[in-house]
Amino acid sequence: MELEDQWWKGQLAADIYQALRYKELKLPSFKGQSPQLNLRRYFADLIAIVSNRFRLCPTARHLAVYLLDLFMDRYDVTVQQLHMVSLSCLLLASKFEEREDRVPKLETLNNLGCMSSMNLVLTKQGLLHMELLLLETFQWNLYLPTAAHFTDYYLSIAVHEGDLHDGWPMKCLEKTKLYMAKYVDYFLEVSLQDHLFLCFAPSLVAAACVAASRLILHLSPTWPPRLQRLTGYAWENLIPCTEKLLIAHDSDVKEANKQKCQQPNQQQQQGQTVYHTSAQYLNRTNAQYPQQAPQPVAAPNHLPASYLSHSTANGPQSINTQTISTSLEAKSNIPNRAFQVSMHYACAAPCFDR
């Protein structure tokens with residue numbers, strides 16, 4: 001057996017990857033028909049906040065949000081119940097993806113500051129009933145691949161010593177790999193914020209996270225043949241998803257610059273930015289940089305299959321409130337606050353100067 005922190009190396013990784021891609025073909029479709037879809041961002045943020053508090057792995061967090069998306073797409077539930085649904089999805093996902101000793105405990109959950117600020121009180125009976133309802137909804141199958149399940153495998157070859165940075169050889173391969181991992185993690189969190197990313201296959205979202213990170217880090221060629229062979233996606237396949245990721249990144253950069261400009265004596269000096277925009281990146285197919293002569297990369301006509309092809313719901317159904325026994329209480333007016341995906345990555349590339 002390979003080491004736990006290097007599972008993506010060797011035949012075991014290839015077998016796991018193929019199993020995930022096969023399972024990906026059978027994922028239920030997301031219709032985006034929940035009456036509470038406008039609250040989806042808030043509850044995804046709640047899952048992210050609690051997940052970060054307990055330092056749960058990215059796969060548990062992404063699986064929890066995906067379970068929430070599928071459940072909301074099928075049922076019409078109240079805002080009060082959605083709090084219980086969200087936390088139950090996180091508990092189920094952590095039980096499936098994490099070690100037993102890392103699964104959040106009921107007492108610890110109730111003691112969180114964010115719980116008290118929202119007047120939330122969880123009960124053991126309420127959580128058990130909700131977990132059973134979720135398991136029955138998904139037919140006791142939590143083996144649902146998300147983008148977070150593919151990134152470690154892609155990161156194993158995301159950076160190579162033959163890559164160029166701004167057209168020049170890299171000075172420090174290990175440092176570049178570190179920043180690549182950070183940016184891929186950042187773009188993974190971006191993909192959680194918008195349900196529109198559910199129209200892409202999880203493996204494609206993961207590949208787009210790597211492609212967007214290579215663009216931000218000014219690595220060339222943007223999508224080398226080795227990544228195309230490993231992922232099965234050509235650059236043309238990644239453009240729509242990558243564009244959405246880069247637009248979110250540009251928005252974070254502008255917000256960071258705006259906050260900078262609000263500081264005393266800096267409002268006029270920092271009114272403009274010099275960062276590339278998403279359109280500038282994507283208009284250069286397999287982007288090359290000025291210092292380097294163009295080097296076309298072979299791109300075979302490999303189009304991904306349509307993974308989201310099976311529907312699990314004909315329409316939102318009303319959920320029986322009596323099946324959920326809980327003393328959960330929620331504030332009636334919930335702000336549409338957002339988890340700040342840029343909190344750790346406030347500045348854009350070139351990040352090597354930081």
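These legends accompany close-up views of a predicted model. Local features need pLDDT of at least 70 and side-chain atom pairs count only at pLDDT 80 or more, while totals for chains, interfaces and linings use all residues. Residues are numbered from 1 along each chain as its sequence is written, and side-chain values use heavy atoms, with hydrogens and water left out.

View 1. (Rings of Phe, Tyr and Trp, the last by its six-membered ring, pair if their centres lie within 6.5 Å; planes over 60 degrees apart are edge-to-face, under 30 stacked, and the rest tilted.) Y17 sits in helix α1 (residues 11-24) and F150 in the loop between α7 (124-137) and α8 (151-155), 133 residues apart. Both Y17 and F150 are buried, that is, under 20% relative accessible area with a 1.4 Å probe, protein chains only.

**View 2. Y17 also pairs with Y154.** This edge-to-face pair spans 5.8 Å centre to centre, with 70° between the planes. Because Y17 lies in helix α1 and Y154 in helix α8, the pair ties together parts 137 residues apart in sequence. Ring pairs join Y17, F150, Y153 and Y154 into a cluster.

**View 3. R53 lies over the face of F54.** The distance to the ring centre is 5.5 Å. For this contact, CZ of Arg or NZ of Lys must be within 6 Å of the ring centre and within 35 degrees of the ring normal.

Note on methods:
Helices (H or I, at least four residues) and strands (E, at least two) are DSSP runs, numbered from the N terminus. Buried means under 20% relative accessible area, exposed over 50%, partly exposed in between (1.4 Å probe, protein chains only).
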